[in-house]
Amino acid sequence: MWSDAQLGTLLERARDGDREALRELVRALDPVLWRVARGQGLATEDAADVVQTSWLELMRRLHEIRTPRAVTAWLITTTRREAWHRQQRSRRDLPDGGTAVQTVPDPDPPPDERLMADERDRVLWRHFEHLSQRCRDLLRIVAQVDRPDYTVIAEAFGMPHGSIGPTRSRCLAKLRAALTADPAWATS
Amino acid sequence: MTDPLDDLDRDILRRIGRYDPPPADLDERVLFALALTDLEDEVARLAEEVAPAARAGEQARTITFDAASRTVMITVLERPDGLVRLDGWLAPGAALSVELRLPSPAPPRTVTADETGRFVLDEVPHGLAQLVIHGTPRVVTPSLLL
């Protein structure tokens, strides 16, 4: 993942119309925005759409954004707000008996066990569900991006920047302890 | 500040990351939608998508986009030849130019809505597309997967 300084350079280049810089910015931030939208409980198509809408809105505001931290924070806040509105709307649409594609999804649904070919994955997700919401959010985002930028993640989940590293270690240690104590993990 | 990860940590994270990654084409969809957009554009949000209803053997779905200045509604009809037909409606109605952007090298398709805001785009291929309504302000939708 990119450092703040690198994101800043990309942002400046994107603002000057450099499409390659914009491409890099999208690649760097999409995984985080995706988790923010999914973490709000949106179905996959809705989440993909909300991420797009946030980028489209960003294009209109690009000239107002001064610093790279601001671009990340801005996108994350926008994604969260758009996701919330989308949720409200799909709830509102349900009672009229229409055939709306979106039903109200579970918040942050666990993966479907039937899709897991690997027994260890099943064991892992059973224990994963017992972690706190904060641990689940954090581990899912850390798992998605290489060398995650803690500033971006702190922004995404409203955690203090300095707590990300320790929280990640604590959450991972907790999951490890549960797994290594589970005979099903050891034997599969 | 970061504890080094050992093999088990890495295995755990790899297993978590395998589920629910972003769609493989998410970046592509975002970049396609952004390719044209600029400061002056108004963004239309997906307001509602109604599932395909088998209607006398036809597959049709209706998608509504809301922008501050205008609502765009399209019905996507599957044609027997594997292409689709879009029946669209702008509200408030106006005889505006409606452009359907397709991924390059396909040229965009442009039609003009009638006074009531109705327009038809026929023989459109499946895949990514974006609607651009050339009013004041110009209205753009997110990428659509037809």
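User: Happy to look at this one with you! Is A:Arg61 buried, partly exposed or exposed?

Analyst: This is a predicted model, and in it A:Arg61 has a relative accessible area of 26%. Buried means under 20% and exposed means over 50%, so A:Arg61 is partly exposed.

User: Which residue of chain A forms a salt bridge with A:Arg61, and how many residues apart are the two in helix H3?

Analyst: The partner is A:Glu57, with the closest N and O atoms 3.8 Å apart. A:Glu57 itself counts as buried, at 8% relative accessibility.

User: Nice. With which residue of chain B does A:Glu57 form a salt bridge?

Analyst: Across the interface of chain A and chain B, the rule finds 11 salt bridges. For A:Glu57, the closest N and O atoms of such a pair are 2.9 Å apart, and the partner is B:Arg45.

User: Which element gives the most residues to the side of chain A that touches chain B?

Analyst: Good one to check on the structure! Several helices of chain A give two or more residues to that side, including H2 (19-39), H3 (44-61) and H4 (68-93). With 12 residues, the top contributor is H3(A).

User: And how much area is buried between chain A and chain B?

Analyst: In the contact, 55 residues of chain A meet 44 residues of chain B. Carbon and sulfur atoms give 60% of the buried area, and the total is about 4600 Å².

Definitions and conventions
Residues are numbered from 1 along each chain as its sequence is written. Chains are lettered from A and ligands numbered from 1 in the order in which they are written. This is a predicted model: local features need pLDDT of at least 70, side-chain atom pairs count only at pLDDT 80 or more; totals for chains, interfaces and linings use all residues. Side-chain values use heavy atoms; hydrogens and water are left out. Contact means heavy atoms within 4.5 Å. Buried area is the accessible area (1.4 Å probe) that two parts lose on being put together, summed over both. A salt bridge is a side-chain nitrogen of Lys or Arg within 4 Å of a carboxyl oxygen of Asp or Glu. Helices (H or I, at least four residues) and strands (E, at least two) are DSSP runs, numbered from the N terminus. Buried means under 20% relative accessible area, exposed over 50%, partly exposed in between (1.4 Å probe, protein chains only).
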